[in-house]
Amino acid sequence: MSKSKKIRILMGWISGALFGSGMIISGMVDPNKVIGFLNISGDWDPSLMFVMGGALAVFTPIYHLVIKKRKTAISGDAFTWTSNTKVDGTLIWGAIIFGAGWGLAGFCPGPAMASIGGGTNIILAFTLSMLVGIVHANQYLAGRFPLPFVGYRKNCQD
Amino acid sequence: MDNFTPWTSLAGGALLGLSAALLMLFSGKIAGISGVIGGLLSPKKHESSWRAAFLTGMILSFLIVAPLGFTLPDISGENILVVSLAGLLVGFGTRLGNGCTSGHGIIGMGRFSKRSIYATLTFMASAIVMVYLRGLVGVT
């Protein structure tokens, strides 16, 4: 196994464990807390603003002062962010649809993954539905659904 | 404001930022959870093993925080039909919009990406409207 692959897998485990722990400690895994944050006209709970603040306070300086100055990652792999800078209908409609789902139940992908160990049917239902939603979106983006809607690629023949 | 938890939320958020920074610094990868999951469903060479490892770490993280006194909340009272519909919307929307709260909200915003700033403002607004509509029909 190459050194870069070892680093990729080891860092995958470590950062996944850190990410899941952060989700649980911060309260993001509690749908009531998420809804309480989004309920700005009701009994507003601003806690999740502290989650975002804490995450950006750590990530932003490391990115701009360390990562951005490097040509490759420590593993030797290229950085994988997209070069696409266009704000288009696909991005905005996707964000609207995601936001609707997030507000509807108070779950997003991170908290769902960190909560699977809780062993409830609720998380299982959310996760399976989410996977089905992702597969639909992949087919849709490839132009395999005949819907005249955002993000539809007309040039696909199969 | 009964449930206001600024310190644990700040500490948990800092861990999310640290995780995203380490993954990018060491492996060059983006810790966007919808992207990590989505990538496993349409796998590319050298792109599956780290994603599987990352999700394994996430799934087992409740064992790491348990000795510190943190537990998963009891969510057995949620409506499974509503949750399932929400899952479909979240899955479809995050693929279409190419990210969720982690990818756009933390990493994209931290990189000052214009796409991520627009996406984050849009899904926040959409979610706030949805919660308001929930309130109108009496679901709180």
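Trainee: What should helix 4 (residues 80–96) of chain B span, and how far apart are its end C-alpha atoms?

Mentor: The rule is 1.5 Å times one less than the number of residues. Helix 4 of chain B has 17 residues, so it should span 24 Å; its end C-alpha atoms are 24 Å apart, which agrees. This is a predicted model: local features need pLDDT of at least 70, side-chain atom pairs need 80 or more, and totals for chains, interfaces and linings use all residues. Side-chain values use heavy atoms, without hydrogens and water; residues are numbered from 1 along each chain, chains are lettered from A and ligands numbered from 1, as written.

Trainee: What flanks helix 4 of chain B at its start, and what follows it?

Mentor: At the start, a side-chain oxygen of B:N79 comes within 2.9 Å of the backbone nitrogen of B:L81. After the helix comes B:N98, with a positive phi near 60 degrees.

Trainee: Why is B:E47 called buried?

Mentor: Buried means under 20% relative accessible area, exposed over 50%, partly exposed in between (1.4 Å probe, protein chains only). B:E47 has 18%, so it is buried. It lies in the loop between helix 2 and helix 3 (49–65) of chain B.

Trainee: Which side chains make polar contacts with that of B:E47?

Mentor: B:K29, at 2.6 Å, and B:W50, at 3.1 Å. The cut-off for a pair of N or O atoms, one able to donate a hydrogen and the other to accept it, is 3.5 Å.

Trainee: Why does B:L133 count as partly exposed?

Mentor: Its relative accessibility is 42%, so it falls in the partly exposed class. B:L133 lies in helix 6 (residues 114–136) of chain B. It also belongs to a nonpolar surface patch of about 520 Å², along with B:V129, B:Y132, B:L136 and B:V137. Nonpolar patch residues have over 30% relative accessible area, and their side chains are joined within 5 Å.

Trainee: Which elements cover the buried residues of helix 4 of chain B?

Mentor: They include helix 4 (89–105), helix 5 (109–115) and helix 6 (121–141) of chain A, together with helix 2 (33–41) of chain B. Among the residues covered are B:V83, B:F92 and B:L96.

Trainee: How much of chain B counts as buried?

Mentor: Of its 140 residues, 49%. Chain B exposes about 6300 Å², and carbon and sulfur atoms supply 69% of that.

Terms used:
Helix = DSSP H or I, 4+ residues; strand = E, 2+ residues; numbered from the N terminus. Contact = heavy atoms within 4.5 Å. Patch = residues over 30% accessible without salt bridge, like charges linked within 9 Å, V, L, I, M, F, W, Y side chains within 5 Å. Areas by Shrake-Rupley, 256 points an atom, 1.4 Å probe, with all protein chains shown as cover. Salt bridge = Lys/Arg side-chain N within 4 Å of Asp/Glu carboxyl O.
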